Amino acid sequence: MFRDSNRRQFLLQSVTGFSAVWISAQWPALVEAAEHGRLEAQSAAQKRLEFFSPAEAIEIDAISSRVIPTDETPGAHEAGVVYFIDRALTTFAADAQAIFRDGLPELQARVAEVFPQIAKFSGATPEQQDQILRSFDKQAPKRAVRAFRPSPGAETFFETLRTFTIAAFLLDPDTRGNPEGIGWKLIGREREHVFQPPFGYYDKDYPGWQPPATQEAEKDGAKK
Amino acid sequence: MIVDQPKYKTSEEVDFVVIGSGAAGGILAKELSTNGFRVVVLEQGPYLTSADFTHDEIKVLQEDLLTNKPKLQPNTFRKTPADKAVRQRVLAYGRCVGGTSVHFTANFWRFHEIDFIERSKVGAVPGSTLADWPITYADLEPYYTKVEWEIGVSGLAGASPFDPPRSKPYPMPPLPVKSSGVIFERAARKLGWHPYPAPMAILSRPRPGRSACVNCGFCLGFGCEVGAKSSSLAAAIPAAEKTGRCEIRPNSYVFRIELDSRGRAIGAAYFDEHKNTHLQRAKAVVCCANGAETPRLLLLSANKLFPDGLANSSGYVGKNLMLNSGGVISGLFDEPLNDYKGYAVSRVLHDFYELDHEKVGFYGGGGLDARFDFTPIGFAVSGPFGGLPPDTPRWGKGFKDAIAHNFTRTMEVFCHGTSLPVADNSFDIDPDVKDAWGLPALRMTYKDHPDDLKLSNWLFDRGHELFDAAGAKKHWGYPAAEQQFAVHLLGTCRMGKDPKTSVINADHQTHDVKNLFLCDGSSLVTSGRGQPTMTIMALAFRAADRITALAKRGDLV
């Protein structure tokens with residue numbers, strides 16, 4: 001049932017793409033990783049990879065850039081998501097390393113299967129990349145994707161990467177992650193934490209509380 | 001934290017040891033110490049203050065900065081007693097000084113008259129242990145008023161034609177309306193319903209040492225940095241400390257209530273933060289550990305006199321768990337509401353508080369409120385618990401466009417309703433799983449009464465009607481599903497006249513142990529229509545009066 005509590009529980013389970021046990025054990029390090037990602041994104045000179053090889057990082061960056069693409073506004077690439085994930089896998093999410101170690105090659109295998117002329121995911125066009133990823137997205141409608149051999153490893157990998165990308169992109173920029181508030185700017189969440197009414201379009205002309213009788217009388221008056 | 005708190009020795013017999021410092025424990029600590037008693041409050045969590053609070057949703061929601069720690073405190077779940085429970089997190093409650101009142105949403109309406117006498121009015125409900133309370137709304141009314149004035153509740157008396165009678169107006173006006181509230185109010189009135197400014201335990205006017213609400217929007221799940229939320233931490237604990245008779249002892253995890261050979265409570269045994277054990281002696285014990293941990297503690301305290309659990313001669317300890325029913329319908333509008341600003345709920349309606357059961361075909365009642373309580377990550381992670389419509393792509397340009405457009409243009413109608421007590425629904429202790437202190441873990445057994453699910457779906461239909469009337473661009477929701485996660489922890493040591501079918505009497509005194517009192521969500525006999533904290537605090541003020549009278553009469557020593 002969709003209550004506050006269950007939504008919170010869902011968030012606990014879904015933000016990470018792993019398990020609740022994993023999350024509770026690993027969030028301090030996730031926070032650390034987010035901070036690391038922010039610093040890395042802010043300073044090109046500090047961009048260091050600890051888990052991925054440079055070649056793998058290019059692939060991870062390419063995949064997360066399909067989750068939140070760069071268009072007229074910044075996306076996962078600009079938010080330094082690949083560095084966040086790299087840090088995660090060498091700290092709190094070390095037990096998820098296998099998901100990436102197994103999943104990425106599985107994903108690349110499908111690239112070779114579907115587009116034999118393309119060596120790597122990052123070498124495909126965005127449309128080709130989306131076609132590959134849709135074939136792993138269990139919950140998305142499988143439009144125009146032919147039946148492939150099942151690949152649970154790559155599915156888990158993609159779901160993990162998807163949720164990591166969203167979390168890294170929308171963390172409170174005043175605490176950790178989400179460099180320069182890129183993600184919050186996109187969704188229209190102002191960075192301040194003190195606001196005054198009116199807050200939005202629908203309350204800006206609110207005349208103040210009126211008991212229903214008054215309003216009904218006014219409405220009747222207007223009709224006449 | 002006040003530095004001149006007394007430091008009682010554990011061997012020194014104080015008047016009261018209060019277990020838990022939340023909505024009930026904080027109030028009892030304040031009232032009992034103000035009435036001249038020496039009080040030690042044992043709180044399992046840390047003593048955090050405004051300076052520790054943050055809007056970092058990872059730290060707060062994922063790391064459980066303010067809440068129970070599933071890694072240290074594992075839970076198990078099963079649907080019925082015939083099932084084997086499996087390990088899963090079943091609940092969230094406040095684990096810090098102030099308890100759940102620190103991070104709650106602060107919806108704060110009173111129960112109505114019907115909630116106390118519903119069994120008599122509607123008769124037996126098959127499959128339910130529905131019962132009347134031993135007290136009525138009239139008994140509790142002075143204490144509801146006391147809560148409003150003492151802790152600070154904003155609202156508008158007389159704005160809802162369905163409100164129960166009250167002896168005094170609210171001490172301060174309602175908080176400013178949000179766009180979601182305006183949309184809700186206009187649409188509800190079109191439908192002939194009666195929306196009104198939501199009563200909230202959030203200050204609309206400053207009080208000494210506490211700011212009025214600054215509209216940061218981080219209420220649900222978060223502690224208030226400016227003290228505007230009227231938690232026990234902000235509104236009761238400081239007064240308790242000021243008496244010079246109350247010691248708040250954080251990081252103190254009670255694992256047993258000890259009895260003497262005469263069957264009287266002599267104090268509470270607890271682990272300190274280094275896992276050393278102590279026994280705090282007291283003339284009487286007041287357990288306010290919440291509707292899950294109170295029954296668990298009584299079961300952990302089984303002894304020769306009470307082999308089935310302390311104060312459990314009725315067998316009702318832990319039983320009749322109620323969670324409240326309901327859920328969310330979401331709507332999308334053309335213009336920005338910016339509903340992340342402000343606080344959660346600015347309008348509510350209670351036209352459906354008492355449904356005609358024969359007409360609708362099920363027992364129950366409830367209401368609707370207008371809200372937005374998402375944090376950014378929670379909103380964007382798609383699925384039924386996120387803020388995006390179900391047909392939104394989960395990634396890619398369509399996803400990015402949706403979060404960019406919808407975050408400021410979405411609101412929710414939250415449906416809140418009754419939960420029927422069912423004997424098998426319970427909190428007890430797991431036979432196999434242990435917590436980090438080696439104690440049996442909390443086990444939840446729960447399967448919604450069918451009427452609770454019917455009511456939820458009925459209320460969801462009203463939510464959709466409201467969004468239609470509001471001209472929402474789109475609105476969506478999901479059918480009610482069985483609950484497996486709890487935040488409202490109600491009914492598990494119910495109050496009653498008959499010791500065979502209840503755990504405490506109307507004075508919150510256990511039927512079995514004269515100087516042991518229980519006061520928290522476990523005391524409730526019915527669930528109201530959601531949002532129980534106001535009633536828990538009112539019960540705590542009343543319990544303090546009753547306990548004080550008994551103590552002054554010499555009945556507790």
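Let's start with overall shape. Chain B has 557 residues, and a compact globule of that length would have a radius of gyration near 24 Å. Chain B comes out at 22 Å, which agrees. Keep in mind that this is a predicted model. The C-alpha trace of chain B spans about 70 × 50 × 50 Å along its principal axes. There are 13 helices and 17 strands in chain B. Of its 557 residues, 63% count as buried. Now take the contacts in chain B with a separation of 6 or more: 74% of them join residues 24 or more positions apart.

Next, the core. Nonpolar side chains tend to be buried together in soluble globular proteins. Here the largest nonpolar core has 223 residues. Which of them touch the most other members? They are Leu28(B), Val285(B), Val286(B) and Ala540(B). Helix H13 of chain B, residues 533-552, gives the largest share of this core, with 11 residues. Look at Val286(B) in detail. Beyond its neighbours within four places in sequence, Val286(B) is in contact with Phe16(B), Val18(B), Leu28(B), Phe517(B), Cys519(B) and Ile547(B).

On to the sheet. Six strands of chain B form an open sheet, in the order E5-E11-E12-E13-E10-E16, with antiparallel pairing. Which strands stand at the edges? Strand E5 (195-197) and strand E16 (474-476) of chain B do. Each has a single partner strand, so one side of each is left without a neighbour in the sheet. On average, neighbouring strands of this sheet are turned by 25° against each other, direction ignored.

Zoom in on one pair. Strand E11 (residues 345-349) and strand E12 (residues 366-371) of chain B are antiparallel and share four bridges. Val348(B) has Asp369(B) in E12(B) as its bridge partner. Helix H5 of chain B, residues 179-190, lies across E5, E11, E12 and strand E13 (410-417) of chain B. This helix runs at about 15° to E11(B).

Now a hairpin. Strand E14 (residues 426-434) and strand E15 (residues 440-445) of chain B run antiparallel, joined by five bridges. Ser426(B) pairs with Thr445(B) in E15(B) as its bridge partner. Five residues sit between the strands, and in this hairpin Gly438(B) takes a positive phi near 85°.

Two asparagines also deserve a look. Phi of Asn320(B) is near 60°, a positive value in a residue other than glycine. Asn320(B) is in the loop between helix H8 (293-300) and strand E10 (325-332) of chain B. Is Asn320(B) buried or exposed? Buried, because 29 other C-beta atoms lie within 10 Å, and the cut-off is 20 or more. Asn338(B) is not a glycine either, and has a positive phi of about 50°. Asn338(B) lies in the loop between E10 and E11 of chain B. With 25 C-beta neighbours inside 10 Å, Asn338(B) counts as buried.

Last, chain A. Helix H6 of chain A, residues 126-134, has Gln129(A), Ile132(A) and Leu133(A) as its buried residues. They cover an arc of only 95° around the axis, so they lie on the same side of H6(A). What do they pack against? Helix H3 (54-67), helix H5 (97-114) and helix H7 (152-170) of chain A. One more feature: the peptide bond from Pro197(A) to Pro198(A) is cis, with omega near 0°. Pro198(A) lies in the loop between helix H8 (182-187) and helix H9 (212-223) of chain A.

Note on methods. Residues numbered from 1 in each chain as written. Chains lettered and ligands numbered in written order. Predicted model: local features only at pLDDT ≥ 70, side-chain atom pairs only at ≥ 80, totals over all residues. Pairing = 2+ DSSP bridges. Rg over C-alpha atoms; globule rule 2.2 N^0.38 Å. Buried ≥ 20, exposed ≤ 12 C-beta atoms within 10 Å, placed from the backbone. Contact = placed C-beta atoms within 7 Å. Core = buried A, V, L, I, M, F, W, Y, C linked by C-beta atoms within 7 Å. Arc of directions from axis to C-beta. Axes fitted to C-alpha atoms, helices over the stretch in contact; angles between N-to-C directions.
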